[in-house]
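Please consult the sequence and the structure shown here.

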Amino acid sequence: MSFRKLFESSDEVSIDSNRVLIPALNGNSFIQKNKIVFDIPPNHQFISLRECYLEFDIALNNNDEGFEMPGSGGQRLIKTCRIQTKDGKVLENCVSYNVMAEFMYHYALTSGEKDSRSLTELAAPDEFNNGNFLSSKIIANPFSQPYADGLALPYSVAKKNIKQRVVLKLWSKVFDNYEQDVIFPNVFTQGLQVHVELEDNTRAIKVIPQLNSDDTTYTARTDAAINIAGNPHTTIAVRNDVDRGINAEQNDMKGCPFNVGMRVRIQKADGTSPDNTATIQSIKVDGSNRYELTLSAGFTATADYPAGSFIGAVSGDLDATYTITDPAISVAVANVPDSWKNDLIDLVAENKFRYNIKSVENVQVSQSAGQTNFTNYINSNANNVSSILCLPVDSQTAASYTNELMDSVYDNYDNYQYGYENSVHPSLPVPVDKLSNTIAKVSAPHLTELMKGLDSFWGSKNLRRFKTNFAVARQFAPYNGGMVLTMKDLSHRVALKSGSSLTTNTNYNNYLVKNLQLVVSKDGLDIIG
């Protein structure tokens with residue numbers, strides 16, 4: 001029997017499989033920065049490498065200010081992901097897993113797939129308004145039970161915090177290697193392990209846009225001029241604003257982003273002083289179908305606020321923490337004929353077993369602010385690489401809710417080139433001159449390079465967010481071939497537009513698709529590549 005037929009399902013043999021849910025090896029409750037270890041035991045002799053899922057329950061420990069996980073949802077919680085054998089041989093290592101997952105969530109999924117997965121990943125689905133794609137139209141906190149509809153009288157009870165079950169696809173080349181079902185013989189003598197390190201909360205969670213008083217694009221606005229002078233209690237009507245996702249007439253109380261007990265900040269739209277803070281005592285939908293907030297005493301200055309003043313959450317730093325419980329990993333175990341097992345044993349005994357597999361290696365390179373032209377040297381130990389994806393992000397680490405997982409760091413790019421073996425390929429730079437133009441389409445050469453490179457990852461089906469999440473990519477050989485890095489000097493040369501420079505420190509996350517070969521003999525396992 002050929003190797004391919006040995007490991008590929010066919011009409012010649014009946015193969016069934018069942019999903020196995022494997023709990024964490026090292027505990028049941030985890031917080032940010034903890035590491036969760038999953039052990040796929042060797043008694044599962046054959047598993048499918050098509051897909052692997054991570055499941056857990058998540059709850060916010062303190063949620064008064066209205067926090068959420070936007071964009072790719074629960075994928076933001078995974079800081080690093082490493083797949084290895086139990087004795088420490090590493091197959092795949094992604095240090096910035098959540099940056100790659102954020103990119104893949106928006107690029108590699110169609111709208112229908114994204115909307116479907118948003119239900120299990122706590123992610124934001126695609127939303128449209130008059131044909132326009134909206135990225136931040138979120139009207140409710142997924143970690144709070146919404147208020148009930150039809151509350152005509154003031155409601156003075158805070159929303160109940162709830163725990164959510166999350167099911168995430170693991171973005172891993174090890175678990176997504178083939179276009180068709182292939183059975184993987186779990187030849188590792190001690191089984192596979194998946195190590196997941198949780199991201200710290202300052203990068204995984206943020207205040208929902210309508211409550212972010214520093215984001216004037218989405219912050220709620222008052223609907224009438226108010227005077228707070230001497231009032232022990234102040235009632236403020238919030239303007240119905242469809243574009244900002246606030247519309248009591250349409251959504252009633254269930255769509256109210258505010259919460260009783262939340263601290264709020266009121267400020268003039270022109271930015272002039274003073275700002276005032278208070279706590280929400282009660283909320284209702286008033287006779288004009290607006291959210292009406294009754295605030296506690298606590299204002300420290302006499303001021304008139306015109307209609308259209310901003311009202312949002314007070315929180316300037318992320319003080320929300322989360323707890324993950326009951327984590328488990330799901331893989332498909334294949335039930336194969338005994339003849340397959342015997343063939344595999346014979347191959348290993350004769351030192352003839354070779355198994356090709358792909359994996360992702362994450363290499364980070366930082367560039368300091370002020371750079372104008374530079375080379376992003378990617379030093380990898382990989383011997384054979386078929387594709388690379390580069391995702392530049394703002395590397396600032398301030399504990400601010402404005403610090404997104406991926407920032408739009410593309411405005412000043414002029415062109416880029418990939419190089420290896422001390423020469424540039426292609427000889428002509430790939431232009432990105434139209435990226436900073438919000439009207440013109442992105443340059444065709446850059447888009448072509450990006451889509452070719454993504455073919456070696458998980459495809460490129462949805463480019464709506466291309467303007468917000470910039471990436472460069474390169475596929476090095478056709479037909480899933482590879483490039484031997486004989487001098488280990490793969491690089492990415494960047495030129496910024498004339499007169500511009502990096503405004504912040506920028507972290508270049510380079511994801512390499514490596515071609516590995518697993519060599520199994522009676523003496524053990526070796527990994528080449």
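The points below are grouped by topic.

This is a predicted model, in which local features need pLDDT of at least 70, side-chain atom pairs count only at pLDDT 80 or more, and totals for chains, interfaces and linings use all residues. Residues are numbered from 1 along each chain as its sequence is written, and side-chain values use heavy atoms, with hydrogens and water left out.

**Salt bridges**
- The count comes to 17 salt bridges (a side-chain nitrogen of Lys or Arg within 4 Å of a carboxyl oxygen of Asp or Glu).
- Glutamate 51 pairs with arginine 117 in a salt bridge, with the closest N and O atoms 3.7 Å apart.
- This pair links distant parts of the chain, 66 residues apart: glutamate 51 is in strand 4 (residues 46-60) and arginine 117 in helix 3 (residues 111-121) (DSSP runs numbered from the N terminus; helices are H or I, at least four residues, and strands E, at least two).
- Arginine 117 is buried, at 18% relative accessible area (buried means under 20%, exposed over 50%, partly exposed in between; 1.4 Å probe, protein chains only).
- Glutamate 51 is partly exposed, at 24%.
- A network of salt bridges links Glu51, Arg117, Lys169 and Asp176.

**Cysteines**
- The whole structure holds zero disulfides (pairs of cysteine sulfur atoms within 2.5 Å).
- For cysteine 81, the nearest cysteine sulfur is that of cysteine 94, 6.9 Å away.
- Cysteine 81 is buried, with a relative accessible area of 3%.

**Alanine 495**
- Alanine 495 lies in strand 30 (residues 490-496) and is buried at 15% relative accessibility.
- Beyond neighbours within four places in sequence, alanine 495 contacts Thr372, Asn373, Tyr413, Asp414 and Asn415 (heavy atoms within 4.5 Å).
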